[in-house]
Amino acid sequence: MKIQQLTFTRFIAAISIVIFHYGTKTFLFDNFIFKQASVGVSYFFMLSGFVMIISYGNLEKIDFFQYLKNRLARIYPLYALAAFLVLASDRFININFSNVLIHFSMLQTWIPGQAPKINPPGWSLSAELFFYVTFPFFANRFYSKLKLKTNAIWIILFWIVSLIIFNCFIYSIITIKNFPPNAIAYHPVLYLNTFLMGNLAGLFYIHKLKNLHGNYLIPILICLLFLVLALRFPTVLDFHNGLFAVVFIPLIIFISLSTDKLTTFFSKKEFVFLGEISFGIYILQFPVWAIFSDFRLSKFLGTDREEDYTLTFFIRLAILIILSVLSYLYFEKPMRNLIKNYGQPKLEQEKNKA
């Protein structure tokens with residue numbers, strides 16, 4: 001089962017994160033929303049957890065190796081390509097063989113100081129891989145055997161405890177030798193709660209909500225209003241560790257169920273396609289900004305780093321979107337199908353292509 005209207009929200013989150021990294025100095029995006037848009041990573045984690053349940057929630061048992069191969073087929077080829085592009089750029093400095101090995105093995109979030117190396121946005125894929133590896137365990141041992149209420153209790157308790165521990169580390173209330181707060185901030189175990197909350201939302205959707213379709217535009221707008229207010233008036237708590245589940249989870253569910261005209265409009269194939277290329281937009285942002293540097297844009301286009309900041313941002317954004325489209329059509333999809341179909345019978349290969 002695929003919920004088309006959710007796909008476009010990936011594009012919005014990816015573009016918002018790009019603006020957070022590179023566009024907040026422009027007059028268009030110099031505001032509190034985009035200056036905190038990194039929270040979009042938490043949205044990705046929760047949406048991923050939700051989609052995993054939608055995709056696998058009806059299976060009695062998940063074949064771990066086949067499942068993991070399919071998951072890696074979706075993320076690893078473009079992840080690796082983005083890293084190669086960075087290594088080919090002039091940002092390839094202060095990088096040694098161990099940095100390269102750690103990054104390509106997707107283990108950078110487990111080792112202090114490694115997460116920002118080579119392609120910094122890749123840290124979230126390292127965390128995502130951890131979620132992928134643990135998901136069959138939770139699905140086979142808990143989701144398929146325990147009642148929904150029981151799963152809800154332990155997931156919510158885990159979410160709360162994780163929030164407390166994460167903030168204790170971030171504000172140095174708890175410390176670990178050789179693991180400073182800026183390293184803890186990337187550790188995948190402390191983000192597992194965001195993924196599990198997405199799982200819980202998916203379980204509720206499948207067991208209680210999937211037939212309750214209707215016009216939920218007003219609840220969607222209310223969720224968005226709460227999101228804006230939360231960004232405008234932040235608490236002392238760090239919200240990157242899943243605190244925004246209180247907004248994102250209802251938002252995901254209402255969008256999934258809504259049949260209003262606006263949500264239906266975003267289900268059109270053009271918007272779904274933009275959602276499909278969102279992974280490329282996210283993982284290729286750093287390589288694009290590294291390759292199309294201020295020096296190169298000044299040399300070939302005559303732009304000025306300060307005076308033409310907005311112009312150069314949109315030039316790079318346009319390049320990023322075009323590159324994401326091309327990579328999706330001619331690299332990401334073909335490589336995904338190639339890996340998925342490896343070792344499969346011909347009939348199964350045709351099914352995967354469809």
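Which residue forms a salt bridge with Asp30? The partner is Lys35. The views below start with this pair.

**View 1. Asp30 and Lys35 form a salt bridge.** This is a predicted model, in which local features need pLDDT of at least 70, side-chain atom pairs count only at pLDDT 80 or more, and totals for chains, interfaces and linings use all residues. Residues are numbered from 1 along each chain as its sequence is written, and side-chain values use heavy atoms, with hydrogens and water left out. The closest N and O atoms of Asp30 and Lys35 are 2.7 Å apart. A salt bridge here is a side-chain nitrogen of Lys or Arg within 4 Å of a carboxyl oxygen of Asp or Glu. Asp30 is partly exposed, at 45% relative accessibility. Lys35 is partly exposed too, with a relative accessible area of 45%. Buried means under 20% relative accessible area, exposed over 50%, and partly exposed in between (1.4 Å probe, protein chains only). The whole structure holds 4 salt bridges.

**View 2. Asp294, Arg305 and Arg316 are linked in a network of salt bridges.** Side chains of opposite charge can pair when their charged atoms come close. Arg305 meets Asp294 at 3.3 Å, N to O. This pair links distant parts of the chain: Arg305 lies in the loop between α15 (294-301) and α16 (309-341), Asp294 in helix α15, 11 residues apart. Helices (H or I, at least four residues) are DSSP runs, numbered from the N terminus. Arg316 meets Asp294 at 2.8 Å, N to O. Here helix α16 holds Arg316 and helix α15 holds Asp294, 22 residues apart. Arg305 is exposed at 55% relative accessibility. Asp294 is partly exposed at 29%. Arg316 is buried at 6%.

**View 3. The second largest pocket has about 680 Å³ of space.** Rolling a probe the size of a water molecule over the atoms shows where empty space is left. On a 1 Å grid over the protein atoms alone, a pocket is an open set of points where a 1.4 Å probe fits, with protein on both sides within 12 Å along at least five of seven lines. Grid points are joined across faces, edges and corners, and the volume is the space filled by probe spheres set on the points. The lining has 25 residues, and Thr9, Ile12, Leu224, Leu227 and Leu251 lie nearest the centre. Lining residues have an atom within 4 Å of a point. Two or more of them come from each of α1 (4-22), α2 (40-56), α9 (217-232), α10 (245-257) and α11 (261-265). Helix α9 gives the most, with 7 residues. By class, the lining has 20 nonpolar, 5 polar and no charged residues. Ala, Val, Leu, Ile, Met, Phe, Trp, Tyr, Cys and Pro count as nonpolar, Asp, Glu, Lys and Arg as charged, and the others, Gly among them, as polar.

**View 4. Ile118 and Ser172 have positive phi angles.** Ile118 is not a glycine, yet has a phi of about 60°. Its place is the loop between α4 (97-104) and α5 (123-143). Ile118 is buried, with a relative accessible area of 5%. Ser172 is not a glycine either, and its phi is about 60°. Ser172 sits in the loop between α6 (148-170) and α7 (181-184). At 41% relative accessibility, Ser172 is partly exposed.
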